[in-house]
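Please keep the sequence and the model in view while reading.

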Amino acid sequence: MIENKIHIKVFFNNEVHNIITYKNEYRNLMQLLADRLVLDDFGECKGEGKCGTCMILAINKSYSKSDYYRNELNTLSKFKNERDNLRLSCQLLINEEIQGLHLEITEAI
Ligand code: FES
């Protein structure tokens, strides 16, 4: 049997959440986080990549400019938060690319 569980670790509100999901269980990472952690005001544009409210900081993974999708970099550039490895969770699919990801939910500021 093929192991298709995807494990991620989420740091939010001084708590650590170990989340197990399956490939394509949700349309994207934003929907998974909103569903499992019951987040207010998260994902306001419903995944269009425009609002920035689904912003996360990848802790154990680095991204290069070519890893970003569609208008993701443009949306991220609207905020003062200039740390590396910020992503819009609505642009990340539930697949092997997020396997083992440690992330922090960060405010769009
Ligand atoms: S839900 Fe709006 S940018 Fe991700």
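A residue is called buried when its relative accessible area is under 20%, exposed when it is over 50%, and partly exposed in between, with a 1.4 Å probe and protein chains only. The model is predicted, so local features need pLDDT of at least 70 and side-chain atom pairs count only at pLDDT 80 or more, while totals for chains, interfaces and linings use all residues. Residues are numbered from 1 along each chain as its sequence is written, and side-chain values use heavy atoms, with hydrogens and water left out.

**Salt bridges**

A salt bridge is taken here as a side-chain nitrogen of Lys or Arg within 4 Å of a carboxyl oxygen of Asp or Glu, and by this rule the count comes to four.

| Glu-96 | Lys-23 | 3.7 Å |

The elements named below are DSSP runs numbered from the N terminus, where helices (H or I) have at least four residues and strands (E) at least two. The salt bridge of Glu-96 and Lys-23 links distant parts of the chain, 73 residues apart, with Glu-96 in the loop between β4 (86-88) and β5 (102-105) and Lys-23 in the loop between β2 (15-22) and α1 (29-37). Glu-96 is exposed at 54% relative accessible area, whereas Lys-23 is partly exposed at 46%.

Glu-72 is buried at 0% relative accessibility, and Arg-87 is buried at 1%.

Which way do the rings of Tyr-63 and Tyr-68 pair? With centres 6.2 Å apart and planes at 65 degrees, the pair is edge-to-face, given that rings of Phe, Tyr and Trp (its six-membered ring) pair if their centres lie within 6.5 Å, and that planes under 30 degrees apart count as stacked, over 60 as edge-to-face and the rest as tilted. A search of the whole structure finds one aromatic pair. Tyr-63 is buried, at 15% relative accessible area, and Tyr-68 is buried, at 15%.

The charged end of Arg-87 sits over the ring of Tyr-63, 4.4 Å from its centre, and over the ring of Tyr-68, 4.4 Å from its centre; this description requires NZ of Lys or CZ of Arg within 6 Å of the ring centre and within 35 degrees of the ring normal.
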